[in-house]
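Please read the following explanation alongside the sequence and the structure. It goes from confidence to single chains and then to the contact between them.

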Amino acid sequence: MMTEQGRVLELLLSGAFICQVSDEDAWRFIKTSGNSEKLESQLNMLNRTLASAADGDVFFAAYLTLSEKERKVIGAQFQEVSANLLPLVEWLLLIQQANGSDVPVTSGSALRLSEIQSVIEDTPAYAEQLEKISRYRMFGSTSTQLDGQLKQVFKRLTDLGYLLKPNQEKQIYIATGKIEYLYEVIRFIDETEALSLTEQAESAVQQGSLL
Amino acid sequence: MNQNMYQAGVSLLNALSRHADLIMHTYMSGTVDESKYSAKVIESLMQQDVLWRPDGESKIRLKHAVRNLLEGSLKDERNRQIDANIGSALNSLKTLAAHYKEAIYHQRYAEAEAHLSDLGEHVYALTESMSNNVRVLFSRINNEFGYVSSIDAKIRENELAQSQVSELLSQLELFRFDELSELAGSNRELRQLLVVTLQHSFSRATQELSIVQGRLLELLGRFREFRGRTRLLKGFLLHMEQKPDFAPGNYTNLTQVPMLFNQAESIIKPASVDVNRVEHENDLQVLVGNIKALNRIARGADEDRKASVIQVEEQAEVSFVEDEYKQAVEAYFCHVIDTGERLTALQYHEKQSLNFDPEVWIYQVIGGYHGLSFEEQQYFAIDTTGHPDPVYDGNFIIEDVELGLR
């Protein structure tokens with residue numbers, strides 16, 4: 001019989017993001033005081049450390065010390081993350097608009113594929129946007145049908161861990177903590193590169209030029 | 001006088017019920033659709049102060065009092081009006097209390113009774129308006145300002161509600177219970193109304209308002225967070241539009257890599273099977289069973305079982321050779337019938353100088369004989385010549401067959 005600690009350790013070592021949506025038990029286990037220290041000492045043995053993002057909403061395993069080999073791995077990961085940023089941001093905004101409530105997608109948001117699809121079908125501008133998004137290498141859809149494009153995008157996002165499909169029978173997806181991680185990445189880039197993205201958007205809204 | 005007022009009230013309420021349809025339509029849409037209802041009805045409702053025309057140009061609307069009644073009874077969330085005029089209500093309470101005390105002092109008890117009931121009316125109206133105000137605020141919070149769609153509008157609604165809460169709180173500060181208690185003096189009725197009832201509703205209102213304030217701040221925080229996120233995303237998109245070649249610096253080359261981009265690779269690989277573990281025997285057997293099933297499926301793709309073109313010509317040739325044997329056997333049988341002589345198969349073979357292998361020929365003859373129907377077999381007698389096998393007894397080696405008529 002495997003202990004909860006062993007299970008969480010295995011999840012972390014297999015490169016999983018642990019959040020309240022994806023695995024509540026594991027997430028609570030890490031949150032419980034004392035448990036993270038136990039995990040930490042086991043992870044350290046394998047040159048790993050427990051890392052968290054988005055104010056402790058997401059946990060994952062990071063390298064403890066970085067040598068040439070580790071740098072190569074995270075360098076490749078970073079390239080992937082930064083290449084995926086634009087498609088993901090466009091997708092997030094499309095869903096936010098199609099949802100009708102103007103509420104951004106956050107960890108735990110439920111996305112009903114059929115509702116989103118019917119809104120996008122009725123709005124040619126959204127359909128065009130979806131087509132553009134689905135053509136990105138990240139999603140790699142070749143379908144000419146809106147239905148196929150949307151399904152492919154959601155499937156890829158589920159594979160990448162941004163969404164979760166709790167019931168295989170139903171087309172309802174739940175956003176995981178990895179979405180929060182994504183926001184944090186954008187926020188980090190914003191601060192580090194001094195892009196002042198929020199101010200740009202605000203002035204654009206005031207000028208009424210876009211959005 | 002009183003009788004007249006009673007009559008007027010009843011007729012007003014009757015008018016409301018008779019024209020309920022018109023009133024509700026007006027309540028929903030805001031103005032009266034004058035083309036749909038008769039001018040006479042509208043005119044009479046205007047006379048009864050149910051409807052009014054704000055000015056000559058504008059359309060006919062519901063009177064505020066009727067609207068208030070409907071909003072209050074229907075618990076309509078669109079109602080954003082908060083009546084925070086507690087100060088003047090308190091002043092009128094004080095005035096009425098003074099009237100009452102004066103009447104008691106001069107022993108005009110009937111008058112005092114009227115003042116007291118008036119005072120009671122005002123006190124209850126005040127408590128009701130306070131609890132109503134709090135309820136209105138709560139209902140708006142509970143569906144998170146669901147009646148407006150954009151986040152910016154929600155933030156504005158939230159700010160309005162907050163200003164209303166602080167307005168209400170500052171109005172509540174006007175309650176001076178020491179003054180009220182002094183005013184009530186030792187009069188039991190006055191104390192009951194001015195001190196007990198008011199204090200009760202005051203404490204409940206302040207308590208609930210503090211909850212409302214907390215919830216509003218919490219909601220505002222969330223809305224701001226949402227707005228911040230949306231702006232972040234839109235800003236990023238805008239930035240990418242202006243500078244399409246933008247790529248963030250590779251932070252993983254820094255000496256201090258931010259934790260955000262330091263994600264360890266997966267190192268867990270599936271473990272291997274230990275066939276010597278007894279407790280796994282059952283599971284392993286099931287697995288092995290699955291493998292067998294898989295093998296059978298895999299055979300479907302076997303190279304040898306692939307469909308191939310059948311060579312029809314070659315088959316025709318083979319059947320022709322068989323045909324030749326058959327014809328020769330038939331000819332042999334006919335020869336026996338024609339001549340009526342006994343003739344061995346090999347003799348016939350030699351006579352006709354057939355170019356089949358003798359052994360094959362003998363087989364064909366035996367086969368031909370057994371291939372006949374039972375009645376036909378009756379006509380022929382067949383006899384075999386040969387010798388028993390020298391080594392394995394019980395085996396008889398046929399050297400020739402002799403065929404004759406019976």
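Chain A has an average pLDDT of 86, and 98% of its residues score at least 70. These values belong to a predicted model. Within chain A, confidence is highest in strand S6 (residues 172–175), at 91, and lowest in helix H9 (residues 197–207), at a mean of 76. For chain B the mean pLDDT is 81, with 91% of the residues at 70 or more. The model as a whole has an ipTM of 0.84 and a pTM of 0.61.

Chain A can be taken next. Nine helices and six strands are found in chain A. Of its 211 residues, 35% are buried. Among the contacts in chain A with a separation of 6 or more, 48% are between residues 24 or more positions apart.

Helix H1 of chain A, residues 4–13, shows how burial is arranged along one element. Its buried residues are Val8(A), Leu9(A), Leu11(A) and Leu12(A). Viewed down the axis of H1(A), these buried residues lie within an arc of 160 degrees, so they line one face of the helix. What lies over the buried residues of H1(A)? The cover includes strand S1 (18–19), helix H2 (24–31), helix H3 (35–45) and strand S3 (58–63) of chain A. After H1(A) comes Gly15(A), which has a positive phi, near 80 degrees.

Further along chain A, two helices meet. The axes of helix H5 (residues 113–122) and helix H6 (residues 124–135) of chain A come within 5 Å and cross at roughly 110 degrees. Angles from 65 to 115 degrees count as roughly perpendicular, and H5(A) and H6(A) are therefore roughly perpendicular to each other. On the H5(A) side the contact is made by Val119(A), Ile120(A) and Glu121(A), and on the H6(A) side by Tyr126(A), Ala127(A) and Leu130(A). By class, the residues of this contact are five nonpolar, one charged and no polar.

The next step is the contact between the chains. Chain A contributes 49 residues to the contact, and chain B contributes 34 residues. Which element gives the largest share of the side of chain B that touches chain A? Helix H9 of chain B, residues 188–242, does, with 14 residues. The side of chain B that touches chain A is made up of 19 nonpolar, eleven polar and four charged residues.

Leu220(B) is placed in helix H9 of chain B. Is Leu220(B) buried or partly exposed? Leu220(B) has 16 C-beta neighbours inside 10 Å and therefore counts as partly exposed. Apart from neighbours within four places in sequence, Leu220(B) is in contact with Ile155(B) and Asn158(B). The C-alpha atom of Leu220(B) is separated by 9.9 Å from that of Glu144(B), and these residues are 76 residues apart along the chain.

Arg222(B) also has its place in helix H9 of chain B. Arg222(B) counts as partly exposed because it has 16 C-beta neighbours inside 10 Å. Between the C-alpha atoms of Arg222(B) and Ile151(B) the separation is 10.0 Å, and along the chain these two are 71 residues apart.

How values were computed. Residues are numbered from 1 along each chain as its sequence is written. Chains are lettered from A and ligands numbered from 1 in the order in which they are written. This is a predicted model: local features need pLDDT of at least 70, side-chain atom pairs count only at pLDDT 80 or more; totals for chains, interfaces and linings use all residues. Axes are lines fitted to C-alpha atoms, for helices over the stretch in contact, and angles run from 0 to 180 degrees between N-to-C directions. Helices (H or I, at least four residues) and strands (E, at least two) are DSSP runs, numbered from the N terminus. Angles under 35 degrees count as roughly parallel, over 145 as roughly antiparallel, 65 to 115 as roughly perpendicular and the rest as oblique. Two residues are in contact if their C-beta atoms, placed from the backbone, lie within 7 Å. Ala, Val, Leu, Ile, Met, Phe, Trp, Tyr, Cys and Pro count as nonpolar, Asp, Glu, Lys and Arg as charged, and the others, Gly among them, as polar. pLDDT is the predictor's confidence in each residue, from 0 to 100. A residue is buried if 20 or more other C-beta atoms lie within 10 Å of its own, exposed if 12 or fewer, and partly exposed in between; C-beta atoms are placed from the backbone. The arc is that of the directions from the helix axis to the C-beta atoms.
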